[in-house]
Amino acid sequence: MNISNNTVAFFGGSSTTAAGIQYANNRGITIRGNTISSNTVATSTTCYGIYAQSGTWATIASNTIQNIVTSSTFYGIYHSLAGGDAVNPNIVRIDSNIIQTSTPTAGSFYGFYGSSTGGTSAQVSVSYNQFRNHTWATSSTATMYGMYQFLSGTNMVFNCKYNIISGNTLQNTNTFYGIYGYATSGTHNCQYNTIRNNVLSPSSGTAYILYPGSSNESHIDYNNVTNNRRLVAAVATSVGTTYGMYGLAGSSTVAGSINNNVIDTLYSTGVPGTLTSLIYGLYYSATSVAGSTVNNNIIRNRSEEHTSEL
């Protein structure tokens, strides 16, 4: 099946679950070149831009999802695909899509959400995508996920490469995940991604700008985290912790790498004098494995500026 070059406008806008494009139990589907936008009235229950509910062997590429208005949980592209084996593995490509310019008023907002189980030897690519220029309402306390990919299977390869998360603005106690990716088996390659120019919660919301991990083998290399900042309200009573990179490895026994990443310009301005804002450039939580490397990373311009106490 091929679903291509359609315009879906004004979907949602009520208390009924809605999706711009939805399918289930298809094999070898292609969804390409579609433009999806929502009703100008907020949808008050869960809704989806593209909902790949089940099936195997999918390409979801070059779609634009934009101008979403929602007051509940929203998923830009949701894939939950399973099946395949070592001889005929499940191949899923979520590539070159743009999710942009939305204004959530409440509810968590996921740009790219993956829970594919993959079967055996699956190959999953979430690459060359953009999540950009979204603005949370000042009343919203919801979480923003540019990407959330938690993938399981046996001996899979998960590639998360060349994605851009940029220009997003939080205005309340919002938690922020720029890119969260985890594979329970096989190899996770999180490389060449850029997360830049995002305005984080002005108060107590925690920010995980890049949060990659794996229970097996992971390579977190050549990523760029630049100019992500908090503009803290003078009346704030707490300020959340910021992690430029939070690297997580489970019970891995395979050597991995965190090499050649740049984490530049993480800062909080206007922090009231009685508060502390913790800023970690690179935070690594894992069991040490022989042969793993953390080399040639650049972490610079990490700062916190306090308001005057006069």
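Which residue of S19 does Val 157 stand opposite? Val 157 stands opposite Thr 187 in S19. The points below place that pair in the wider structure.

1. Basis of the note. This is a predicted model, in which local features need pLDDT of at least 70 and side-chain atom pairs count only at pLDDT 80 or more, while totals for chains, interfaces and linings use all residues. Residues are numbered from 1 along each chain as its sequence is written, and side-chain values use heavy atoms, with hydrogens and water left out.

2. Secondary structure. The protein chain has 30 strands and zero helices. Here helices (H or I, at least four residues) and strands (E, at least two) are DSSP runs, numbered from the N terminus.

3. Overall dimensions. The C-alpha trace of the protein chain spans about 65 × 55 × 25 Å along its principal axes. The radius of gyration of the protein chain is 19 Å, which agrees with the value near 19 Å for a compact globule of 310 residues. That radius is taken over C-alpha atoms, and the globule rule is 2.2 Å times the number of residues to the power 0.38.

4. Burial and surface. Of the 310 residues of the protein chain, 54% count as buried; buried means under 20% relative accessible area, exposed over 50%, and partly exposed in between (1.4 Å probe, protein chains only). The accessible surface of the protein chain comes to about 12,000 Å², with 45% of it belonging to carbon and sulfur atoms. Accessible areas come from the Shrake-Rupley method with a 1.4 Å probe, and for residues only the protein chains shown count as cover.

5. Contacts. Among contacts in the protein chain between residues at least 6 apart in sequence, 87% join residues at least 24 apart. A contact means heavy atoms within 4.5 Å.

6. Strand S16. This strand (residues 157-161) has a covered face, formed by Phe 158 and Cys 160, and an uncovered face, formed by Val 157, Asn 159 and Lys 161. S16 pairs in the parallel sense with strand S13 (residues 123-127) over three bridges, and Val 124 stands opposite Phe 158 in S16. S16 also pairs in the parallel sense with strand S19 (residues 187-191), over five bridges. Two strands pair if DSSP finds at least two bridges between them.

7. Asparagines with positive phi. Asn 155 is found in the loop between strand S15 (144-151) and S16, and its phi is near 60°, a positive value in a residue other than glycine. Asn 197 lies in the loop between strand S20 (194-196) and strand S21 (199-200). Phi of Asn 197 is likewise near 60°. Asn 197 counts as partly exposed because its relative accessibility is 36%.

8. Gly 178. This residue is found in strand S18 (residues 176-183) and is buried, with a relative accessible area of 0%. Not counting residues up to four places away in sequence, Gly 178 touches Gly 146, Met 147, Ile 165, Ile 195, Tyr 208 and Ile 209. Gly 178 and Asn 193 are 15 residues apart in sequence and 10 Å apart in space, C-alpha to C-alpha.

9. Leu 275. This residue lies in the loop between strand S27 (262-271) and strand S28 (279-285). Leu 275 counts as buried because its relative accessibility is 14%. Leu 275 and Ile 263 are twelve residues apart in sequence and 24 Å apart in space, C-alpha to C-alpha.
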